[in-house]
Amino acid sequence: MSTHQRAVEQIRQSYAEIPGDAAPRLAKATSNLFRFRDNGKTAKLSARDLDEVISVDPVAMTAEVQGMTTYENLVDATLPHGLMPYVVPQLKTITLGGAVTGLGIESTSFRDGLPHESVEELEILTGDGRIVIARDDNEHRDLFRAFPNSYGTLGYALRIRIKLKPVQPYVHLTHVKFTDADKCMLAMQEICDTMHHDGEQVDFIDGVFFSPDEMYITLGRFAERAPYVSDYTGMRIYYQSIRKRNRDWLTVRDYLWRWDTDWFWCSRAFGVQQPVVRSLMPRRYMRSDVYRRLVALDRKHGFTARIDRWRDQPVQESVIQDVETPVERGAEFLRFFHEKVGMTPVWMCPLKSSSDWPLYPLEKGKLYVNFGFWGLVPLPRGQFDGYYNRLIENSVHELDGHKSLYSTSFYARDQFWQLYNGDAYWPVKREYDPNGRLLDLYDKCVRGR
């Protein structure tokens, strides 16, 4: 903790030295954002010494973690104690601070909500340069409640105390096939409500949509023993296995990171799913953060756009989004998405919030389904960049859903503040960043500043 206090003092001093006319920008080793921001006047705020697990308390089942700690490091620290965070976002280099201020989700979210719902305490560097301890039961409660989905516009998480839960060594998976989206959503609702399937407890649930007549719900339950374990960190690919086998077994660690090796299915864009390429590529490079850096390079230098022009191919739009709709509207969204966008596969992950969080106003206790889709789609002739993303935004909100803000958004200002509760945001912003040192949520997430 003394090392942590030195790191806190360093970042506070660094923040104080930033010129008043420059917007602070947190310098991180990795990023899972897909809002590529403009090059306006900014100043980097170093967080290099805020990436450690401070302690794990196996009796209280909590961990004290610095804000830039990745979930990969946290899981490696907790699993030896037979513990894990309640919700472990699916990519290894998502940070604790990022998952709290920018939201996260995974296959325990049907029961345990989003990552911030298991946070007990936040130490925050606020926009006015203070270091405050925010909890749900102290004088900084409004900041604690508004921090999720604020994306660093109210301050930066320096330390997080998070609750942990017991695990068993293995996860037994069952992949259930559906040929009708309505029946798939009904089954997901029933399983999430009862937390059982075929007489067995369900600890994890997510799914994959491959086509209108082929989709799967994957159910996981903890197990003390396993007859075998599969390995999807080498030549075999996890998402392809869903279509080939009904049951599977993984170690709990491999289950938590089952999506990371291939960044769900996006490694195919880099040829990594070709057997020859895969056999030659070192395993240490088959990671989501490596692919994310390749995307950033492509964005910067325009390699894909040049190749498309050379091949006389249509201009492509990047469609990288996570959205939520109520489970009863999920089949409608899938039909819209398949007809108007046509990208597959699509990830499906149910979630239910146990509390009211003002900046991401999910209805408490209501089951939603997160749909995740990531890739490039050729634009119709005469259409311009943003065409598909705007269609998706409109559809989601017609279906009483929400859209995550880690990627591109096109909302008008008034619509944005209506959807993301400006009435709750602005009083907290004025209290903890009265001079506007940090960007506001609209400027950061929509205008890309």
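Student: Which residues form one aromatic cluster?
Tutor: Tyr232, Tyr238, Tyr239, Trp259, Phe264, Trp265, Trp347 and Trp374 do. Rings of Phe, Tyr and Trp (its six-membered ring) pair if their centres lie within 6.5 Å; planes under 30 degrees apart are stacked, over 60 edge-to-face, the rest tilted. This is a predicted model, where local features need pLDDT of at least 70, side-chain atom pairs count only at pLDDT 80 or more, and totals for chains, interfaces and linings use all residues. Residues are numbered from 1 along each chain as its sequence is written, and side-chain values use heavy atoms, without hydrogens and water.

Student: How many aromatic pairs in the whole structure?
Tutor: The search finds 30. In one of them, Tyr238 and Trp259 have ring centres 4.9 Å apart and planes at 85°, so the pair is edge-to-face. Tyr238 is in helix H7 and Trp259 in the loop between H8 and H9, 21 residues apart. Helices (H or I, at least four residues) and strands (E, at least two) are DSSP runs, numbered from the N terminus.

Student: Is Tyr238 buried or exposed?
Tutor: Buried, at 2% relative accessible area. Buried means under 20%, exposed over 50%, partly exposed in between (1.4 Å probe, protein chains only). Trp259 is buried too, at 1%.

Student: New topic. Where is the cis peptide bond?
Tutor: From Thr344 to Pro345, with omega near -5°. Pro345 is in the loop between helix H12 and strand S16. Most peptide bonds are trans.

Student: And what is phi of Trp263?
Tutor: Near 50°, a positive value in a residue other than glycine. Trp263 counts as buried, at 11% relative accessibility.
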